[in-house]
Amino acid sequence: MSLASCLLLAAALFCVGLYGLLARRQIVAILLSIELMANAANLVFVAFGHYRGGALGQVFAVFSIALTVAEVAVGLALAMLLYRRHGDSRVELASEMKR
Amino acid sequence: MNIALALSPLLVVALGALLLMLAEAFSPRQGGLALGAATVLFVGAAVAGGVWMYGIERLPEAASLAPWLLLDRFGLFFDMLLCLGGGLAALLAGGYLVEHGIERGEFYVLILFATLGAMILASSGDAVTLFLGLETMSLGAYAMTAFRRASPRAAEGALKYFLLGSFAAAILIYGFALLYGATGHTDLAGIGATAATARTPLLVVGAVLVIVGVAFKVSAVPFHAWTPDAYEGAPTPATTFMAVAVKAGAFALLLRVLLIALGDASWTSWAAGWPPVVATLAVLTMTVANLIAGRQESVKRMLAYSSIAHAGYALVGVTALMRDPTQAGASVLFYLLSYTVSTAGAFGALILCGSHGREAVSYEDLSGLGRRHPAAALAFSLFLLSLAGIPPTAGFFGKWFVFKAAIDGGLYWLAILGFVNSVIGAYYYLRVMVYMYMREPAAGAPVALPMRSGYVTAALLVSALFVLALGLVPTRAIEVAVRAATLGAG
Amino acid sequence: MIATYAPLFMLLFFAAFLASVFYVAATFLGGQKKPNPGKQAPFECGSESSGGRHLKLSVKFYLTAILFVVFDIEAVFVYPWAIHFRALGWLGLAEMLGFLAVLVVALVYVWRKGALEWET
């Protein structure tokens, strides 16, 4: 697999994540979209790491995966908070405050 | 052993956080944790000050941790600043959480870990440690925002903060991934060395994504949408922490990226570099935040917009980095210091004005406070004057140095816009004082009673001391800031 | 000068284009909504579905699952160390012990808070 195709795949993943972030209303789906974007970045790191040699790209990807998991754990806890209150977890439910 | 000495500020806070976490799990009663957290953080600040006095340059082993951790005077300055801000937030929480019935020890543990994250962020010279610090700081802040679990506003604010914050983090690491691809380095110095010689499209896209990601974190307009809701929904000590420590950490990140990774002359030129981008952010941030802040009915929300506006003033100083990195960098550091003590004090005064589950929120809640509780009103006025930039307070010299750096850098229009904005800003700060001293509460309206808390009083005294000291004799602090801003020397 | 930034604009254009294609395509491809009871019913391999749409799962599943994932992912840092165990030597061992000690503190905290109790 060439570097260019990896990068293109990562860019497409990033765009899909961005689209999901903007279009989906379920918090869990939005979390998945953010995960997609973060994993697109990991893919870029690993692809360039392979292309350039050395472990740097993979090291970053490993740290990034661990940190993203911690982030999602907090995100799910927040979704739980909303679910317990409304019995549902769509983002529109969190719109009581006015601009 | 020297390496332990060089790392001591980080180690003190890290060990303190772990111990406090165990204490929280094993002690049946939660009292005293606020004092513990504040002690750890103030000791951390004192230790950072001690290493500063001893001279980090005399600890050659400190360099062996580069580029993962850059243990230099810049990092030490932020260690002191962040520990001070975090310690003040912990003291305020000690009064606030008890008074509003949400006293749980986790809050203090979260403050300690989030401060530790911000300290790592401020010392990091590599994308890996940078991301590690950023996430540690942000996760603590998200959890603190949602701390009042019964409140729908808290959940809403935390959710918006979380979604946009992790979105920003994703953009940031995608940017660093592209920078890594373009240069083969994840450390800022290595990126800078390659960026100086060859400017590839990949590099430009990566740099843009990184700047956008950081702009989210410093809540610069137009990336500020999460800020007012998160700040309003969070318990006020958490708001204080976000406005003070999280913002300072994000500015440390911005300064490191702009000075080290994009510090070459080809990137700092007005025609082909980042200065126009940062200048645009600065103007938008100041103007939009000030205009919206004036229309708020809630004092807490007004202070939230005010903190966005202050990020704009600091960005004026960041723009001036293009001409004189040391002078302009020092002005930003001094600005952050003066902003930290003024904002912590203002939120602290707001906390002081509420008790027994009833918070002072709107302007009406504060009416007549000058007659009923002169001391509370006096403290509030001092911090508001400092935020408005009126001498002899810290805020005046903060703005003075930032605008002076812009003028020295030839950015006259930016300095003038900043000045005009601070005049607009003075309107809504003084409006609070008008309500406190010249209005009386409507007959029969419920009035918030100030709380009696040694913790909050102590935090206000410390902030007031700093505000007055920096306003009366700023020379010593500006010398310290200049030494801290001399990057690369340590 | 402009040519230097051309790829940037191309990327932005591409991203905007792709996002709008998704939006437009979604309305065309998935837009025809003619619901009938058969379509509305959840698909369960042809058999009649039973129970409500909202399956109530106890919170304790969620908490345990999250705790498992968070602690599990930390193993990712142990593997590289285990592979280079000899090369990293005593310093590596000390650092790994420090890392694990922090995790143990977190585990003790979770245990004391009662989050590991299955029956409460």
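In this predicted model, Leu188(B), Ala189(B), Ile191(B), Gly192(B) and Ala195(B) of helix α7(B) sit against Arg256(B), Val257(B), Ile260(B) and Ala261(B) of helix α10(B). Sorted by class, the residues of this contact come out as 7 nonpolar, 1 polar and 1 charged. As for geometry, a pair of packed helices is described by the angle between the axes and the distance between them. Here α7 (residues 188–197) and α10 (residues 236–261) of chain B pack at about 40 degrees, and their axes are 8 Å apart. Angles under 35 degrees would count as roughly parallel and those from 65 to 115 as roughly perpendicular, so α7(B) ends up oblique to α10(B).

Moving on to the contacts between chains, chain A meets chain B through 30 residues of chain A and 32 residues of chain B. On the chain A side, the elements giving two or more residues are α1 (3–23), α2 (27–52) and α3 (56–86). Of these, α3(A) gives the most, with 15 residues. The class breakdown for this side of chain A is 23 nonpolar, 3 polar and 4 charged residues.

Chain B also touches chain C, with 11 residues of chain C in contact with 10 residues of chain B. On the chain C side, at least two residues each come from α1 (2–29) and α5 (85–112). That side of chain C splits into 8 nonpolar, 1 polar and 2 charged residues.

Methods. Residues numbered from 1 in each chain as written. Chains lettered and ligands numbered in written order. Predicted model: local features only at pLDDT ≥ 70, side-chain atom pairs only at ≥ 80, totals over all residues. Contact = placed C-beta atoms within 7 Å. Helix = DSSP H or I, 4+ residues; strand = E, 2+ residues; numbered from the N terminus. Nonpolar A, V, L, I, M, F, W, Y, C, P; charged D, E, K, R; others polar. Axes fitted to C-alpha atoms, helices over the stretch in contact; angles between N-to-C directions. Parallel < 35°, antiparallel > 145°, perpendicular 65-115°, else oblique.
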